[in-house]
Amino acid sequence: HCPWEAPAGLLVSANVLINGTYHQRLFEDLIEMRLRHQRNVIAVRKAFPEYVKKDGHEIIITESGESFRGMVRDDIKDNDENKITVMMTADDPRSQQRRRLFAKGVANQLISEEVKQFEATYDMDNLF
């Protein structure tokens, strides 16, 4: 569910406004936020090594004293910031172009969509 990915015309016709009905995304730079999060996870793992198993996975202890193995992604379990993988969603729907991270405001989005539609309809090199 990503309303900010919907065409602006559809949002307007459905009376959906980003920052009105839906709030703007909290984080624009997802890569930076992932990197910051993963660095924080590694810092916590280094601060509490008693909860990290030798194989890099974690030990989760419940209030009743039971312990469970917490599976950890390969790029984090080595506790090495140089091995962090920040691009976890390489599929096309998650690309920055599809998410329109740079167009701000409904008017800009509408104009941008109209320009794209015009350029797709007409041969721009031979138009004039």
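This is a predicted model: local features need pLDDT of at least 70, side-chain atom pairs count only at pLDDT 80 or more; totals for chains, interfaces and linings use all residues.
**View 1. A nonpolar surface patch formed by Val44, Phe48, Tyr51 and Ile61.** One of the contributors, Val44, lies in helix α2, which spans residues 30–47. Val44 has a relative accessibility of 48% and therefore counts as partly exposed, since the class called exposed begins over 50%.

**View 2. His57 in the loop between α2 and β1.** The loop that holds His57 leads from α2 to strand β1, the latter covering residues 58–61. Is His57 buried or exposed? With a relative accessibility of 5%, His57 counts as buried, because the limit for that class is under 20%.

**View 3. The contacts of His57.** When residues up to four places away in sequence are left aside, His57 touches Tyr51 and Val52, and also Arg69, Gly70, Met71, Val72 and Lys77.

**View 4. The chain as a setting for the close-ups.** The chain contains five helices and two strands, and these elements follow one another along the sequence in the pattern α-α-β-β-α-α-α. Of its 128 residues, 20% count as buried, and the accessible surface of the chain comes to about 9,700 Å², with 56% of that area belonging to carbon and sulfur atoms. Among contacts with a separation of 6 or more, 49% are between residues 24 or more positions apart.

Technical notes: Residues are numbered from 1 along each chain as its sequence is written. Side-chain values use heavy atoms; hydrogens and water are left out. Patches are made of residues with over 30% relative accessible area and no salt bridge: like charges are joined within 9 Å, nonpolar side chains (Val, Leu, Ile, Met, Phe, Trp, Tyr) within 5 Å. Accessible areas come from the Shrake-Rupley method with a 1.4 Å probe; for residues, only the protein chains shown count as cover. A salt bridge is a side-chain nitrogen of Lys or Arg within 4 Å of a carboxyl oxygen of Asp or Glu. Helices (H or I, at least four residues) and strands (E, at least two) are DSSP runs, numbered from the N terminus. Buried means under 20% relative accessible area, exposed over 50%, partly exposed in between (1.4 Å probe, protein chains only). Contact means heavy atoms within 4.5 Å.
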